[in-house]
Amino acid sequence: MDDTGDPRERNLTETDIAKKKDMILDDIIKFLVKELDISPTEINPDMSIEEDLTFDSLQIYELVVDLEEAYDIRLPDDMLDSVVTVGDFVDLVYTLTVEHEQ
Amino acid sequence: MTHEEQELGLLLSRVFENVVMTEEKSLQKGYFSDLSIAEMHTLDAIGPYEARTMSETAQSLGVTTGTLTVSIDRLVRKGYVIRKRDEHDRRIVRISLTRDGKVACRMHSKFHAVLARHILEPYAEDEKDMLIRMVSDIDEFLTAQLVRYDDEEDNEMSIRKTARDVAAQQRRREDNG
């Protein structure tokens with residue numbers, strides 16, 4: 001058997017990850033709704049921040065600064081270069097938050 | 001003066017002026033047109049994260065704390081800097097950036113990074129390394145020259161001027177002669 005972990009523990013962790021990512025997504029959506037004056041239902045994680053949401057560099061940095069403050073993390077430019085979609089942002093913030101907590 | 005010396009001298013002056021002017025124009029036309037280059041560099045010296053003391057910020061900018069105080073007063077009024085007394089030692093003043101200050105600082109860093117990216121783009125990896133090494137040598141040499149002037153009493157260069165002041169001074173010298 002490859003997987004020896006307790007399935008309940010594994011499920012709990014997966015749920016925690018999903019919860020945390022949902023929380024980050026909610027925060028990003030709140031920012032986008034305020035900034036773009038659109039409905040939350042119009043936003044999905046696959047949307048490109050620059051192309052679909054037409055964010056310029058100022059708006060991106062405002063979001064970055066707010067997320068850094070809210071999650072007590074640092075989002076360096078070299079990492080931001082690989083962020084294209086809303087979902088990419090969620091994943092990056094999640095990864096950095098976990099690293100910070102450890 | 002050899003042809004090479006003449007060409008390099010001219011190129012150095014032009015690179016310097018063009019960097020300053022490009023920064024100036026990008027600021028004027030950008031979102032932070034109420035900031036001068038010197039003010040933007042002050043935000044940069046404070047940085048977007050931990051609060052810094054006045055003396056360490058003055059030191060990294062190469063100015064006196066008196067000069068920095070004037071500049072910080074202006075930046076506080078414009079809403080880019082927060083000034084707070086240290087909770088444990090009331091004699092220490094700590095400065096940090098507001099949300100707008102942080103955004104301005106991040107955008108300015110990005111401006112420099114994009115400029116550098118475009119300059120390096122046409123070169124192969126070993127050429128990039130060599131270019132960086134050569135420019136570092138130039139920087140090191142010029143920093144040593146500056147220290148020499150700093151040591152001389154009553155010299156108008158005794159306090160490192162902002163890039164803008166030095167460029168203006170250079171232009172005036174050229175115009176005069």
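Two residues are in contact when their C-beta atoms, placed from the backbone, lie within 7 Å. Keep that in mind. What you see above is a predicted model.

Chain B to begin with. Of its contacts with a separation of 6 or more, 50% come from residues 24 or more positions apart. Chain B has seven helices and three strands. Along the sequence, the pattern reads α-α-β-α-α-β-β-α-α-α. Chain B has 177 residues, and 18% of them count as buried.

Look now at helix α2 of chain B, residues 37-46. Which residues of this helix are buried? They are Glu39(B), Met40(B), His41(B), Thr42(B), Leu43(B) and Ile46(B). Just after α2(B) comes Gly47(B), with a positive phi of about 80°.

Next, the contact between the chains. Chain A gives eight residues and chain B gives 10. On the chain B side, five are nonpolar, one is polar and four are charged.

Two helices meet here. One is α2 of chain A, residues 57-71; the other is α5 of chain B, residues 99-120. Their axes are 9 Å apart, and the packing angle is about 125°. The crossing of α2(A) past α5(B) is right-handed.

Who takes part? From α2(A), we have Ser57(A), Leu58(A), Tyr61(A), Glu62(A), Val64(A) and Val65(A). They meet Arg99(B), Lys102(B), Val103(B), Arg106(B), Met107(B) and Lys110(B) of α5(B). By class, this helix contact has six nonpolar, one polar and five charged residues.

Notes
Residues are numbered from 1 along each chain as its sequence is written. Chains are lettered from A and ligands numbered from 1 in the order in which they are written. This is a predicted model: local features need pLDDT of at least 70, side-chain atom pairs count only at pLDDT 80 or more; totals for chains, interfaces and linings use all residues. Ala, Val, Leu, Ile, Met, Phe, Trp, Tyr, Cys and Pro count as nonpolar, Asp, Glu, Lys and Arg as charged, and the others, Gly among them, as polar. Axes are lines fitted to C-alpha atoms, for helices over the stretch in contact, and angles run from 0 to 180 degrees between N-to-C directions. Helices (H or I, at least four residues) and strands (E, at least two) are DSSP runs, numbered from the N terminus. A crossing is left-handed if the near helix is turned anticlockwise from the far one by less than a right angle, and right-handed if clockwise. A residue is buried if 20 or more other C-beta atoms lie within 10 Å of its own, exposed if 12 or fewer, and partly exposed in between; C-beta atoms are placed from the backbone.
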